[in-house]
2 protein chains.
Amino acid sequence: MISDAHRLAAGALDMPNRLLLGAGPSNPNPRVMQALMGRTVGHLDPTFLRVMDDIREMLRYAWQTENEHTLLISGTGTAGMEAAVANAVEPGDVVVVAVAGYFGDRIAQMAARYGADVKRLEVAWGEAFPHETLAAAVETHRPAVLAVVHAETSTGVLQPLDGLGALCHANDCLLLVDSVTSFGGVPLLLDASGVDVAYSGSQKCMAAPSGVAPLTFSPRAMDKLARRKVPVRSWYLDYTLLSKYWGADRAYHHTAPINMVYAMRESLRIVCEEGLEARWARHRAAAEHLWEGLSDMGLECHVAPEFRVPSLTTVRVPEGVDARGVVRQLLDDHDIEISGGLGQLAGKVWRVGLMGYNARSETADRLLKALAKVLGR
Amino acid sequence: MISDAHRLAAGALDMPNRLLLGAGPSNPNPRVMQALMGRTVGHLDPTFLRVMDDIREMLRYAWQTENEHTLLISGTGTAGMEAAVANAVEPGDVVVVAVAGYFGDRIAQMAARYGADVKRLEVAWGEAFPHETLAAAVETHRPAVLAVVHAETSTGVLQPLDGLGALCHANDCLLLVDSVTSFGGVPLLLDASGVDVAYSGSQKCMAAPSGVAPLTFSPRAMDKLARRKVPVRSWYLDYTLLSKYWGADRAYHHTAPINMVYAMRESLRIVCEEGLEARWARHRAAAEHLWEGLSDMGLECHVAPEFRVPSLTTVRVPEGVDARGVVRQLLDDHDIEISGGLGQLAGKVWRVGLMGYNARSETADRLLKALAKVLGR
């Protein structure tokens, strides 16, 4: 009756020792891995509820926000993005999406699936939007939401947020910001920038394994949520239901990924210990060290210095070089992962992440040395 | 400029040593926790792609299915439920949901959010649906999907699946089965039962931490998916996109929760080593040991013996006993978690899980001894 056709006799897990310098995941901080192993308790255990409270509080520090409504989504950064969109957008809403790369495009796709009337703005992949372009779009389309990607992981471009909060608030519009690759590594002050909705992931500058996604809503965003006419299409990501678990009610919604939550608590503890300024400076210093080394090797960054994301650098593939071959050789011969280009930039750039635990000049040096060997420079 | 208002000086994580005998999570198998600590690699690393393939193959064994389309959702069991519903249901579809408890109701809610014309069937919480009731509903409503919960976690009732596959297939309807609490612990043969869509979680009979959700689609389910007129509302849970990552294309969709996937591989390896029959028998034996012990103590099970879920037992709260007080005392004085009743059964039953690593008579004995003390019996 029982078939053994698929009864695999698999060996014990035995993963290689990679240095993860791609677009994410980055190598988890060993302290975070230790916390991941914490004894599992129930999702309504009083000790776990305290862990959740610690996380909410430390997320506020890391994001520099007073938002009461701050929590973790039980999924990866993409689930965070979908939670942000699903809750902030109602069918029929006009949503302006600043598409400067792959992840801006993803937001536009999600917003369309959730019934938005999407107005896409585009710039070349490798550039940021000038403020005037965004201002003109908001004033023309009068959107319910303006969505921008702070650090576009596909291009390595940092979108300046200056003035966007004021612009949105003057036009009764929510400012939604993707901070997947900037959170915990790149200066970002949510409240000072007037951001209403933001999300991130755990596996980039936070140096935790992937699997949970920070999410936050400003009081203005909560007002819009309270005025919704139709429920959020996704039950799993419905913030109103989630907030009853993370908030005072402690009502069961789903079984939180307990051990992943432990890991994220430790990541945030490390951010609090190190301090945001020191952490941002560390990411910046490591990136500058990398940029210098690349330049010494005759390699070019794809993005102008003033718009570069410190945690994610796009490097132009020199003429005649097999982009994928280099990625493969770095992995096979040097145990170093970097990422290829995505979408429009496939084959044209490599993406190098110096994130979280890996944001150190020694790490950059390891890559530079290996890259010199592979490229014969 | 940087505010330290929320810069928490939290202590290192220090969780208590709970015996988790509630409705889930259960205590992870120590081998699974070791695998969880595996070295993180990238989500497109060739070594990780092999881990994914191992998992797909072992899921087929554990579910006894030949389904090509079998993978893990990057979320908890509730995300698995939502993925099943979001993909199988198109707006306007008639969906018959057999609501025998809290989780059947959750499916009905999700299906409604995804635009289904939901026909709810109801039985008292603690009973299973007779085949005739389900047959009459399918023949009357001619639904696109019949959804049943195999092991209803809120009531401890096992819904027999006999004849449902044939019934659905004769009526051009998909059979969708929630196997969150049965998968890996209770006899379930997907193909033999004609199940088209099934999902589960990781933190119950699989004895892994929560955070990933097995999901499978039969060829019939895939035909319906291929005929969809509107895309799946959820981008994160869109199977067509997910299958391009888990299938031959290996196209990036989201960053898989790498370490949680390691954990699930080890859980499935343990299932393959132990063998399904032995595993089911172990869960059954532990449950019978518990039921006997409860009866010896003068406590009554809520469900008739022939419909009891071995992995989740509902115990009636004796007249005059403070249900929540007992739960609290077991936790505080004995470090044992059991769950209270949900919904209609709140305050009326306790829910005791003997799942995965905990499905042993010694574990049942620890609870019985503590319960006797707390109840003064």
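## Two copies meeting through one surface

Because 100% of the interface residues of chain A are also interface residues in chain B, the copies meet through the same surface. Two residues are counted as in contact if their C-beta atoms, placed from the backbone, lie within 7 Å. The structure is a predicted model, in which local features need pLDDT of at least 70 and side-chain atom pairs count only at pLDDT 80 or more, while totals for chains, interfaces and linings use all residues. Residues are numbered from 1 along each chain as its sequence is written, and chains are lettered from A and ligands numbered from 1 in the order in which they are written.

### The contact between the chains

Chain A contributes 71 residues to the contact, and chain B contributes 71 residues. On the side of chain A that touches chain B, at least two residues each come from α1 (30-36), α2 (46-63), α3 (77-88), α4 (102-113), α9 (258-274) and α10 (276-296) of chain A. Here helices (H or I, at least four residues) and strands (E, at least two) are DSSP runs, numbered from the N terminus. The largest share of this side, eight residues, is supplied by α9(A). By class, the side of chain A that touches chain B holds 31 nonpolar, 25 polar and 15 charged residues. In this scheme Ala, Val, Leu, Ile, Met, Phe, Trp, Tyr, Cys and Pro are nonpolar, Asp, Glu, Lys and Arg are charged, and the others, Gly among them, are polar.

Chain A is superposed on chain B by a rotation of 180° with 0.0 Å of shift along its axis, at an RMSD of 0.0 Å. That is the relation of a two-fold axis. The superposition is by least squares on the C-alpha atoms of residues with pLDDT of at least 70 in both copies. Among the residues of chain A, A:Gly75 comes closest to the rotation axis, with its C-alpha at 2.5 Å.

### Chain A as a whole

Chain A contains twelve helices and 14 strands. Its radius of gyration is 21 Å, close to the 21 Å that the globule rule gives for 377 residues, so chain A is as compact as a globular protein of that length. The radius is taken over C-alpha atoms, and the rule is 2.2 Å times the number of residues to the power 0.38. Along the principal axes, the C-alpha atoms of chain A fill a box of roughly 60 × 60 × 50 Å.

Of the 377 residues of chain A, 61% count as buried. A residue is buried if 20 or more other C-beta atoms, placed from the backbone, lie within 10 Å of its own, exposed if 12 or fewer do, and partly exposed in between. Among contacts in chain A with a separation of 6 or more, 73% join residues 24 or more positions apart.

### Two domains

An automatic or database domain assignment provides the domain bounds. Chain A is divided into domain 1 (19-25 + 276-375) and domain 2 (30-272). The centres of these domains of chain A, taken over C-alpha atoms, are separated by 26 Å. Their contact takes 26 residues from domain 1 of chain A and 26 residues from domain 2 of chain A. On the side of domain 1 that touches domain 2, α10 and β11 (312-316) of chain A are the elements that give two or more residues. The largest share of that side, four residues, comes from α10(A).

Strands count as paired if DSSP finds at least two bridges between them. The table lists two such pairs.

| Strand pair | Sense | Bridges | Facing residues |
|---|---|---|---|
| β3(A) (94-99) and β4(A) (117-122) | parallel | six bridges | A:Val96 and A:Lys119 |

In β3(A), five of the six residues are buried. In chain B, an open sheet of three strands has the order β11-β14-β13, with antiparallel pairing. Its edge strands are β11 (312-316) and β13 (339-340) of chain B, each pairing on one side only.

A:Ala83 is found in helix α3 of chain A and counts as buried, with 27 C-beta neighbours inside 10 Å. Leaving aside neighbours within four places in sequence, A:Ala83 is in contact with A:Ile73, A:Tyr199, A:Leu215, A:Leu237 and A:Tyr239. A:Leu215 is found in strand β10 (residues 213-217) of chain A and is buried, with 26 other C-beta atoms within 10 Å. A:Leu215 and A:Ile73 are 142 residues apart along the chain, yet their C-alpha atoms are separated by 6.7 Å.
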